Amino acid sequence: MKPYRVVIATALSALAGAATLVPGALSAPAQAAPPTPGPIVKLWNWNWNSVARECVDVLGPAGYAAVQVSPPSDSMSRGGAVWWDVYQPARYTLTSKFGDENAFRKMVNACHSAGLKVHADAVINHMTGQGSTSYGGYTFGKYDYPGLYSAADFHSPTCGINGSDYVNDGRRVQNCELVGLADLDTGSEYVRTQIAGYLNKLTSLGVDGFRVDAAKHINPGDLAAIKGKLTGSPYIHQEVIQGDGEAISPSQYTGVGDVHEFVYGRKLKEQFNGGQIRNLQSFGQSWGLSVPGDKAVVFVDNHDTERNGSTMNYKYGDAYRLANVFMLAWPYGTPRVYSGFTWSDAEAGPPSAGGGFATDADCGNGRWTCFHRQMNGMIGFNRAVQGTSVGNWYDNGNNVIAFSRGAKGWVAINNEGGAVTRTFATGLPAGTYANVAGSGSVTVGSGGSASVTVPARGAVAVHTGASGPGPSPTPTVNPGQVATTFNATVTTNWGQNVFVVGDVAQLGSWNPANAVALSSAAYPVWRATVNLPSGTAIQYKYIKKNSDGSVTWESDPNRFFTTPSGGTATRTDSWR
């Protein structure tokens, strides 16, 4: 018989494969947070100090909307030798190998100050399968967790999940032990209350959402009951691995929350690694993806799939990078970028010291991939093109593609060995734009075309929020309108964005929800150009939208001016 640790790792791999006055004396309404989190970055096995630093120094400035962190609960300890010990919780105190509760709280606060939401990896299907001592110095047994659970809190009689059960017996998949891990009876009111208490503890510390580990092995009715005990409305995304012909499918869990779309990364591997990316013109649910895009968290790889070969990983180099560029440019699902640590042994744990506690992530020592930093520019692209559709598709019949996203962004991807130079239809307004997927800039002519060289195994991506050297993009102006540029010097905190709102429909009719977003590309100057009716008296103000969804208005009185009868206008202001 294989050693138990090998059984666990092998089986996991198999499963992963298979107060300010407003105009008119109205009070400013609090704006709800976005219903979806936007681009997520998964900093896997990063300790809390490192996550906090990365939020402030890198993730916030790049525009990531959320950071997913590793399981924060105390777990069985293998002294840092393996990665999977943190997926065997011993109790729900925050004494993990990534730091204690105080460090966790500081991390959450730091990320919030940088404008990011925080999602915690929640392991709630099971407890341990081996070991007797935790990272926090707690002593336990497989069915005995003093002060928390006893044998009566686990499914009984105990049974193990067989490979054939995934097709033939969904009940066993959800009620028997996953690779020998003590399976909690999530139908028990006591167990549900303990799990909800743990998650509510995390939300009390500021956690905004949860990645539910092994959700496929929990009945969705049990998950819904646990969710009903949670305070607030945390964002839920669930690990439900799609397997052909299986009794349990991801679509059964969309009533609880979003699900991880495992087919997505498998299909991108097929096309970027030996296939033809021209085929991606139709990429979407018709490719066998398990849920619609509005219910999917998508990724090129995660910590399981990078080890079991079902997807690409950082070792695939340019193809991996280009697949991530495509993910952030293509309109399907909530994208999640993955960063972990480098490895040769698929079971090995992260860099650690002093009993297995993870050391600070260092992007310069070759031990951490820090891949997310390569995607910083594409995060701004992703956010700029939200809500737009694909247009101006081009392919060379093989492995060069290009497409626009409305009139907001354009991307070209070259997965071939030689550079390609040609004239592309970008769909963008005339102007010069910075290449956020590499270096240099792209100049778009008045007709929306641009001559671009796309480097071998490289990409070019531009969007209207990232101007390069030269003239800024100018909008198309209809008769009776004046292209009015707002330049506002505003100092902000991480997570704040600046908007202009006013008394005409083009400025949102004093409704902050419809205000015009200003670009921070020339920070501290925030800028946007808006077509306003000519010869019209305009009143306006600047507002800040905060990371919690609230709105801060600048002080009275309203600003005002009258647009000219034609041409352009410029307003240069400072926050007051």
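Trainee: Is C370 buried or exposed, and what is its relative accessible area?
Mentor: This is a predicted model, in which local features need pLDDT of at least 70, side-chain atom pairs count only at pLDDT 80 or more, and totals for chains, interfaces and linings use all residues. Residues are numbered from 1 along each chain as its sequence is written, and side-chain values use heavy atoms, leaving out hydrogens and water. Buried means under 20% relative accessible area, exposed over 50%, and partly exposed in between, computed with a 1.4 Å probe on protein chains only. By that rule C370 is buried, because its relative accessible area is 6%.

Trainee: Where does C370 lie, and what is its phi?
Mentor: C370 sits in the loop between β10 (357-358) and α11; helices (H or I, at least four residues) and strands (E, at least two) are DSSP runs, numbered from the N terminus. Most residues other than glycine have a negative phi. C370 is not a glycine, yet its phi is positive, at about 50°.

Trainee: Which residue is joined to P557 by a cis bond?
Mentor: P557 has its place in the loop between β25 (551-553) and β26. The cis bond has omega near 0°, and it runs to P557 from D556.

Trainee: Which side chain does R559 meet in a polar contact, and at what distance?
Mentor: R559 belongs to strand β26 (residues 559-562) and is buried at a relative accessible area of 10%. A polar contact is a pair of N or O atoms within 3.5 Å; within protein, one must be able to donate a hydrogen and the other to accept it, and residues adjacent in sequence count only if both atoms are side-chain atoms. For R559 the partner is the side chain of E554, at 2.8 Å.

Trainee: What does the side chain of N382 reach, and at what distance?
Mentor: N382 is in helix α11 (residues 376-384) and is buried, with a relative accessible area of 4%. Leaving aside neighbours within four places in sequence, N382 is in contact (heavy atoms within 4.5 Å) with P39, L328 and P335. The side chain of N382 reaches the backbone oxygen of L328 at 3.0 Å.

Trainee: At what angle do the axes of α10 and α11 cross?
Mentor: Axes are lines fitted to C-alpha atoms, for helices over the stretch in contact, and angles run from 0 to 180 degrees between N-to-C directions. Under 35 degrees counts as roughly parallel, over 145 as roughly antiparallel, 65 to 115 as roughly perpendicular and the rest as oblique. The axes of α10 and α11 come within 8 Å and cross at roughly 20°. That makes the two helices roughly parallel, with the crossing angle being roughly 20°.

Trainee: How many nonpolar, polar and charged residues does the contact of α2 with α3 have?
Mentor: The axes of α2 (residues 48-62) and α3 (residues 101-113) come within 8 Å and cross at roughly 10°, so these helices are roughly parallel to each other. Residues of the contact include W48 and V51 of α2, and F104 and M107 of α3. Ala, Val, Leu, Ile, Met, Phe, Trp, Tyr, Cys and Pro count as nonpolar, Asp, Glu, Lys and Arg as charged, and the others, Gly among them, as polar. The contact has 10 nonpolar, two polar and no charged residues.

Trainee: Which residues touch the most other members of the largest nonpolar core?
Mentor: A nonpolar core is a set of buried Ala, Val, Leu, Ile, Met, Phe, Trp, Tyr and Cys residues joined through side-chain atoms within 4.5 Å. In the largest core, of 124 residues, the two that touch the most other members are V67 and F272.

Trainee: How many residues of helix α8 (residues 262-272) are buried?
Mentor: The buried residues of α8 include F262, Y264, L268 and F272. Helix α8 is mostly covered, and of its 11 residues the buried ones number nine.
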